[in-house]
Amino acid sequence: MTASLAKRPPGAAPDWTIPQAWNSYSAEEHAVWDKLYARQIELLKGRASAPFLRGLENLRMSRSGIPDFEELSDRLQKLTGWRVVAVPGLVPDEVFFEHLANRRFVAGRFIRKPDQLDYLEEPDVFHDLFGHVPLLSDPVFADYMQAYGLGGLRAITFHSLQKLARLYWYTVEFGLIREQSGLKLYGAGILSSFGESVFALESNSPNRILFDLERVMRTRYRIDDYQQSYFVIDSFKELLHQTADADFAPLYDRLEHLGDIAPDAVLASDQVLHRGLQNRVYSGTKG
Ligand code: HBI
Ligand code: FE
């Protein structure tokens with residue numbers, strides 16, 4: 001699954017957090033944030049889900065310079081009790097889940113270089129803050145993220161992390177939501193990506209299929225390119241209930257016997273909103 005750092009770097013606390021050291025960002029680093037922010041905000045008008053845009057406003061997420069985690073956390077905490085903490089990179093699953101279960105969102109402190117605006121393997125501070133944090137100010141989504149963390153801690157004991165990670169991937173990172181005015185973006189991996197923000201909604205290449213918990217947990221995903229299938233929810237309430245009410249022991253049992261589904265597959269049982277032509281030329285490796 002995710003290749004996390006192998007061991008805790010010196011200087012990281014036992015919970016893997018590090019100081020953000022906001023004062024040590026250079027002017028060039030702040031300028032990268034500004035450029036990404038300005039570009040995304042233009043693109044997301046009419047494309048991002050309403051609660052995401054409300055969150056950006058309510059948190060007064062900075063359009064000038066990388067936000068200070070402490071300041072941002074103070075505003076966020078008043079709304080939903082969540083805080084943002086800095087970590088040195090991808091942390092081990094149990095560390096990640098433990099933070100989420102306690103309403104702490106872990107964020108990278110580093111920012112991509114000016115020549116990497118469009119592609120990057122590891123989540124940086126722009127992806128983590130701009131992509132993820134606005135929705136943490138939505139009370140229902142905030143509960144979903146905590147429920148996911150608690151589910152993660154349980155999944156470790158069931159050895160079913162791969163299945164649960166797919167749920168995170170196809171909702172928190174790459175989810176679409178149906179609003180009155182049409183399909184909108186709520187997944188952080190899309191919202192922080194210049195190319196995928198348009199592709200996910202407007203390209204005729206990928207499938208767009210109504211969300212179903214078991215279906216999603218069986219579906220492999222791509223880590224190296226845009227998704228070949230997106231799953232669409234109608235509300236965060238529906239997502240929270242499907243997930244928090246699910247009895248995961250029998251569910252994981254059942255999933256063991258059902259096979260995996262390819263990233264581009266369409267099943268007879270799917271409720272298909274758009275059947276993808278899969279005409280994008282994808283890069284070679286499969287996730
Ligand atoms: N670490 N910093 C960080 N950010 C993540 O999104 C993250 C992680 N470690 C593990 C992890 N995600 C995965 O377990 C989840 O995607 C399921
Ligand atoms: Fe992410």
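Modeller: In this predicted model, the expected span of a helix is 1.5 Å times one less than its number of residues. Helix α1, residues 27-44, has 18 residues.

Colleague: How do you know that the reach of α1 is close to the expected one?

Modeller: From its first C-alpha to its last, α1 reaches 26 Å, and 26 Å is expected at 1.5 Å a residue.

Colleague: Which residues of α1 are called buried, and what makes them so?

Modeller: Buried means under 20% relative accessible area. H30, V32, W33, L36, Y37, Q40, L43 and L44 of α1 are buried.

Colleague: Why are they said to be on the same side of α1?

Modeller: They cover an arc of only 160 degrees around the axis, which puts them on the same side. A27, E28 and K35, on the other side of α1, are exposed, a word that requires over 50%.

Colleague: What do the buried residues of α1 pack against?

Modeller: Their partners are α2 (50-58), α5 (125-132), β4 (182-185), α8 (188-191) and α9 (194-202).

Colleague: Which atoms coordinate the iron ion (ligand 2)?

Modeller: The NE2 atoms of H127 and H132 and two OE entries of E173 do, at 2.0 to 2.8 Å.

Colleague: Why is the site of the iron ion (ligand 2) called irregular?

Modeller: Four donors count as tetrahedral if all angles lie between 85 and 135 degrees. Here the angles among the four donor atoms run from 51 to 136 degrees, and the site is irregular.

Colleague: What makes H132 and E173 a tie between separate parts of the sequence?

Modeller: H132 lies in helix α5 and E173 in helix α7 (residues 161-173), so the pair joins parts 41 residues apart in sequence. Both H132 and E173 are buried.

Technical notes:
Residues are numbered from 1 along each chain as its sequence is written. Chains are lettered from A and ligands numbered from 1 in the order in which they are written. This is a predicted model: local features need pLDDT of at least 70, side-chain atom pairs count only at pLDDT 80 or more; totals for chains, interfaces and linings use all residues. Side-chain values use heavy atoms; hydrogens and water are left out. Helices (H or I, at least four residues) and strands (E, at least two) are DSSP runs, numbered from the N terminus. Buried means under 20% relative accessible area, exposed over 50%, partly exposed in between (1.4 Å probe, protein chains only). The arc is that of the directions from the helix axis to the C-beta atoms. Contact means heavy atoms within 4.5 Å. Donors are N, O and S atoms within 2.8 Å of the metal (3.2 Å for Na, K and Ca); water is not among the atoms, so sites may look incomplete. Four donors count as tetrahedral if all angles lie between 85 and 135 degrees; four count as square planar and six as octahedral if opposite donors are over 155 degrees apart and all others between 65 and 115; anything else is irregular.
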